[in-house]
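Welcome! Please take a moment to look over the sequence and the 3D view before reading on.

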Amino acid sequence: MTVLGEYVLPRDRPVWTSMLVEALGMLDIEEKSARQALARSAAEGWLVSERVGRRVRWSLTPPGRRLLTEGAERIYAFGREAVAWEGRWLMLIVSVPEAKRDLRHRLRTRLTWAGFGSPVAGVWVSPDPSRQHEAQQIVAELQLDAQAMSFTAAYGEVGEQESMVERSWDLSELTDRYEDFIDRFTGLRPAGDPAVLRAQTELVHEWRRFPFLDPRLPAELLPAEWSGRKASELFHRKHVEWRPAAQAYWDKLLDNEENA
């Protein structure tokens, strides 16, 4: 999905199987696994294949293009803007029976992606009240809106707000992930077009996890020395630095495949 979003999405051109296999091979993904990934993406409706003689090429479907466009917008915008906070919380109360584990997982996944944390079972909180419409859409699509409730309010005098944040989000683990990202890419200096393509792809692939992991809490709720700021600056600087060479090399691979 990273390769599709970074290189296929910006172009209105189908991609041959052999090229995708070669590109994934640069990332140490074996041919069998690459072909399985293509098959899964097609089965999920993100890609459609077309046979041309003995060769097969792939194009993004409208749902696949929409999915990748939304993902790209979130990935590239993430970390660029400071979050202003007025001290108000959005609380969502929605419970799912233990027996419906798949539904519980889907609810947790989607609310986590939307930046919500859960201090106790059945309760989700976000310091961004504007997320209310998104929360409403999530519970409606999962058919949980009949029993869901929401409130917006400031934190009260019972308990500690910092304790609620700690119980809702594992910021220590997130800090470790940011530090690993910083350590991995700070000193990386790829030499040659294939190396730049690999570095750019791995940079985006690692960064794309953070919009899901990081709830983007306002500065008032974060540790004083927050590694997320440094990691964000690093990602955007490296992405701009490596992008021209990586995209040019992808175009070269495309042209070579077309002329093969």
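At what angle do H8 and helix H11 pack, and how many Å apart are their axes? Keep that question in mind as you read; the model you are looking at is a predicted one.

## Two helices packed together

Two packed helices are described by the angle between their axes and the distance between the axes. Here, helix H8 and helix H11 (residues 227-258) pack at an angle of about 35°, and their axes are 9 Å apart. The crossing of H8 and H11 is left-handed.

Which residues make this contact? From H8 come Thr-175, Tyr-178, Glu-179, Phe-181, Ile-182 and Phe-185. From H11 come Ser-227, Gly-228, Lys-230, Ala-231, Leu-234, Phe-235, Lys-238 and Trp-242.

Let us see what a record says about this part of the chain. In an unreviewed entry, UniProt places "domain: Transcriptional repressor PaaX-like C-terminal" at residues 169-251. That span is 71% helix and 0% strand, and its end C-alpha atoms lie 41 Å apart.

Now turn to helix H7, which covers residues 161-168. Which residues of H7 are buried? They are Gln-161, Met-164, Val-165 and Ser-168. If you look down the axis of H7, these buried residues fall within an arc of 100°, so they line one face of the helix.

On the other side of H7, Glu-162, Glu-166 and Arg-167 are exposed. What covers the buried residues of H7? The cover includes strand E4 (88-93), strand E5 (117-120), strand E6 (123-126) and helix H8 (171-185).

## Strand E4 and its partners

Strands of a sheet pair through backbone hydrogen bonds, either parallel or antiparallel. E4 runs antiparallel to strand E7 (residues 149-154), and six bridges join the two. E4 also pairs with E6 in the antiparallel sense, over four bridges.

In what order do the three strands of the open sheet lie? The order is E1-E3-E2, and the pairing is antiparallel. The edge strands are E1 (15-16) and E2 (47-52), each of which pairs on one side only.

E1 and strand E3 (residues 55-60) pair in the antiparallel sense over two bridges. Within this pairing, Val-15 has Trp-58 in E3 as its bridge partner.

Strand E3 is also the place of Arg-55. Arg-55 and Ser-18 are 37 residues apart along the chain, while their C-alpha atoms are separated by 8.6 Å.

For residues 1-61, UniProt lists "domain: Transcriptional repressor PaaX-like N-terminal", from an unreviewed entry. Over these residues the chain is 48% helix and 23% strand, and the end C-alpha atoms are 13 Å apart.

Terms used. Residues are numbered from 1 along each chain as its sequence is written. This is a predicted model: local features need pLDDT of at least 70, side-chain atom pairs count only at pLDDT 80 or more; totals for chains, interfaces and linings use all residues. Side-chain values use heavy atoms; hydrogens and water are left out. Two strands pair if DSSP finds at least two bridges between them. UniProt positions are given in the numbering used here, feature names are shortened, and annotations may be inferred rather than shown by experiment. Buried means under 20% relative accessible area, exposed over 50%, partly exposed in between (1.4 Å probe, protein chains only). The arc is that of the directions from the helix axis to the C-beta atoms. Contact means heavy atoms within 4.5 Å. Axes are lines fitted to C-alpha atoms, for helices over the stretch in contact, and angles run from 0 to 180 degrees between N-to-C directions. A crossing is left-handed if the near helix is turned anticlockwise from the far one by less than a right angle, and right-handed if clockwise.
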